[in-house]
Amino acid sequence: MTGHSLVADEWRQQLAQAGLPDLRVLLDERAPSAHAAGSWQILTKPGLVGRQRWRWELDGKVLYVKRYFRPPLSEQFDRLRRQAAGHSRAWWEYQQSHLLARQHLPAARAVAVAEKMFGIVEQSSVVILEAVAGEACDRLWLRLRRENSPLTRGLPRHDLTRRLARLVSAFHQTGFCHRDLYLCHVFVALDPNARQPPQLTLIDLARVHRPRWRRLRWILKDLSQLDSSARQVGASRADRVRFLLTYLGLQPGAPRTRWFARRVVRRSDRILRRIARKSREA
């Protein structure tokens, strides 16, 4: 059994002063507040199996702690196929965060990680991430539809749509695919004085990968996930076409746009049917 930990240089001293000179103490199943100072709040979400999340306020800064313990076989198998056989999912998210930063892509910043492995089997792991400014894109989109506040008045929906498309296009052009690219995993920070453009940031990087084959399949998966969540918050057909045109860099009516649109909508329909089925079962 092996254990590893990494801490970003700029956070090493601060985490040590908070009681975490060695992040591996967080790998046991006690609450992190038993080890570290600061204000802790556990976050719950339906469907979290083998995972825990906390919001941690430390010296005026907000961090998020994600811990995996005894991941189910399906997640172990997925990690072995598409990530790193010798490392955990938390370690993978830490690495993808730093890879995206080197590509100058805005993504949640991981500051520390620790893991416990038994050969290629993940026993437990934990990753700490800096809070991302702003709010989830789906919540902002709903506000844009129902409000006319000073903060949203100068941000028409088509501007946000194009900015989102350019971010996703740049992300895909580097070879990455997200595999969980719903609007709730894109955060948007608005300037209260409306002097700066909105800043978009990707979060939840645990499943990000660079596919070696069938890359178009994963691109379409990302686009379909975005499309399904856009439909859930009431995005119009024009909004969705505008996104695709900007993403592809094409003019209306281009055959390639129609080809992508048909495939994205087909997969988006399947996602929405699955969501509706799970809702009925719940």
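1. Helices here are DSSP runs of H or I with at least four residues, numbered from the N terminus. The model is a predicted one. Helix H1 is followed by Gly19, which has a positive phi, near 110 degrees.

2. H1 covers residues 9-17, and its buried residues are Trp11, Gln14 and Leu15. Asp9, Gln13 and Gln17 are exposed, and they sit on the face of H1 turned away from its buried side.

3. Two packed helices are described by the angle between their axes and the distance between the axes. For helix H5 (residues 157-173) and H7, the angle is about 40 degrees and the axes are 8 Å apart. That angle makes H5 oblique to H7, and their crossing is right-handed.

4. On the H5 side, the contact with H7 includes Arg157, His158, Leu164 and Val168. On the H7 side, Asp239, Arg242, Phe243, Thr246 and Tyr247 take part. By class, the residues of this contact are five nonpolar, five polar and five charged.

5. H7 (residues 237-248) also packs with helix H8 (residues 255-281), at an angle of about 125 degrees and with the axes 10 Å apart. H7 and H8 are therefore oblique to each other. The crossing of H7 and H8 is right-handed.

6. In the contact of H7 with H8, Arg240, Leu244, Leu245 and Leu248 of H7 meet Arg256, Thr257, Phe260, Ala261 and Val265 of H8. The contact of H7 with H8 has six nonpolar residues, one polar and two charged.

Key:
Residues numbered from 1 in each chain as written. Predicted model: local features only at pLDDT ≥ 70, side-chain atom pairs only at ≥ 80, totals over all residues. Heavy atoms only, no water. Buried < 20%, exposed > 50% of the residue type's maximum accessible area, 1.4 Å probe, protein only. Helix = DSSP H or I, 4+ residues; strand = E, 2+ residues; numbered from the N terminus. Axes fitted to C-alpha atoms, helices over the stretch in contact; angles between N-to-C directions. Parallel < 35°, antiparallel > 145°, perpendicular 65-115°, else oblique. Left-handed = near helix turned anticlockwise from the far one by under 90°. Contact = heavy atoms within 4.5 Å. Nonpolar A, V, L, I, M, F, W, Y, C, P; charged D, E, K, R; others polar.
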